[in-house]
Amino acid sequence: MSDRAQFEEQVTCCTLCPRLREHCTAVARERRKAYRDEEYWGRPVPPFGSCDARLLIVGLAPGAHGANRTGRIFTGDRSGDWLYRALHKAGFANQAESRGRDDGLELRDARITCVVKCAPPDNKPLPTEISTCSARFLAGELDKNQGSKVIIALGRLAWDTIQKHLDPEGRRTPFSHGARRTLPDGRLLLASFHPSQQNTFTGRLTEPMFDSVFAEASLQLHKNVEDPLSGNA
Ligand code: SF4
């Protein structure tokens, strides 16, 4: 079994957080009316995209009726519509639509993961669940040897968790949309508001605001450089 398949199996079989496991299976059992005829995934959701992708995108957690239903991160809900549209526009995906695991979507030099891999009630994982899951899985995914050069944090929780793992003793850069910092290992960390409906419906996050973060990531990855992204820092 490849390292990637092994990692995905470890994620999907994980039972470390009883409250989250119970919630995901309850949602999968009860189902939303619109998806009554579908079989929900109902398990932890593994990352999507190649392990050696240079762009790593880190969200909060699977959506209860999105990724927890379809089994692919950011797939099957409005947040995913926003994310894959932006990725496609910036050249990181072969299509803008993301409906299910067999829809033909492929990422290009990008990988998507999240801090917590089980859908939490009200989209709010507990601090212990955040530390358990991120130590178990995200910490390894953030390892520089995995190949990422630019990391995009979707939302404050992802931003803070990434800094905690990659710069535990350092001074934290406060979260804001468009914030950026160079991590101690030389990689670039960019921040975006999360494309949740709470942000997109209210206009707190607009498409141009969201697109600008991915355009910046693309620019940084494609420029020819003697800068921190060269990997020598
Ligand atoms: S949130 Fe993470 S650590 Fe907790 S059960 Fe799900 S996969 Fe395991």
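The model is predicted, so local features need pLDDT of at least 70 and side-chain atom pairs count only at pLDDT 80 or more, whereas totals for chains, interfaces and linings use all residues. Residues are numbered from 1 along each chain as its sequence is written, and side-chain values use heavy atoms, with hydrogens and water left out. The protein holds eight helices and six strands, these being DSSP runs numbered from the N terminus (helices H or I of at least four residues, strands E of at least two).

**Overall fold**

- Read from the N terminus, the elements follow the order α-α-β-β-α-α-β-α-β-α-β-β-α-α.
- The radius of gyration is 17 Å, close to the 17 Å given by the globule rule for 233 residues, so the protein is as compact as a globular protein of that length; the radius is taken over C-alpha atoms, and the rule is 2.2 Å times the number of residues to the power 0.38.
- The C-alpha trace spans about 55 × 40 × 35 Å along the principal axes.

**The sheet**

- Six strands form an open sheet with mixed pairing in the order S1-S3-S2-S4-S6-S5, where two strands pair if DSSP finds at least two bridges between them.
- Strand S1 (48-49) and strand S5 (180-182) are at the edges with a single partner strand each, so one side of each is left without a neighbour in the sheet.
- Strand S4 (residues 150-154) pairs with strand S6 (residues 188-192) in the parallel sense over five bridges, and Ala-153 stands opposite Ala-191 in S6.
- Helix H6 (residues 156-166) lies across strand S2 (55-59), S4, S5 and S6, and runs at about 135° to S4; axes here are lines fitted to C-alpha atoms, for helices over the stretch in contact, and angles run from 0 to 180 degrees between N-to-C directions.

**Helices H4 and H8**

- The axes of helix H4 (residues 78-89) and helix H8 (residues 207-222) come within 9 Å and cross at roughly 55°.
- H4 and H8 are therefore oblique to each other, given that angles under 35 degrees count as roughly parallel, over 145 as roughly antiparallel, 65 to 115 as roughly perpendicular and the rest as oblique.
- Trp-82, Leu-83, Arg-85, Ala-86, Leu-87 and Lys-89 in H4 meet Glu-207, Phe-210, Asp-211 and Phe-214 in H8, with contact meaning heavy atoms within 4.5 Å.
- By class, this contact of H4 with H8 has six nonpolar, no polar and four charged residues (Ala, Val, Leu, Ile, Met, Phe, Trp, Tyr, Cys and Pro count as nonpolar, Asp, Glu, Lys and Arg as charged, and the others, Gly among them, as polar).

- Helix H5 (residues 127-141) packs against H6 at an angle of about 65°, with their axes 11 Å apart, and H5 passes H6 in a right-handed crossing.
- In H5, Ile-130, Ser-131, Ser-134, Ala-135, Leu-138 and Ala-139 meet Leu-157, Thr-161, Lys-164 and His-165 in H6, a contact that has five nonpolar, four polar and one charged residues.
- The axes of helix H1 (residues 3-12) and H5 come within 11 Å and cross at roughly 155°, which makes H1 roughly antiparallel to H5.
- H1 passes H5 in a left-handed crossing.
- Phe-7, Gln-10 and Val-11 in H1 meet Arg-136, Phe-137 and Glu-141 in H5, and this contact has three nonpolar, one polar and two charged residues.

Definitions and conventions:
Left-handed = near helix turned anticlockwise from the far one by under 90°.
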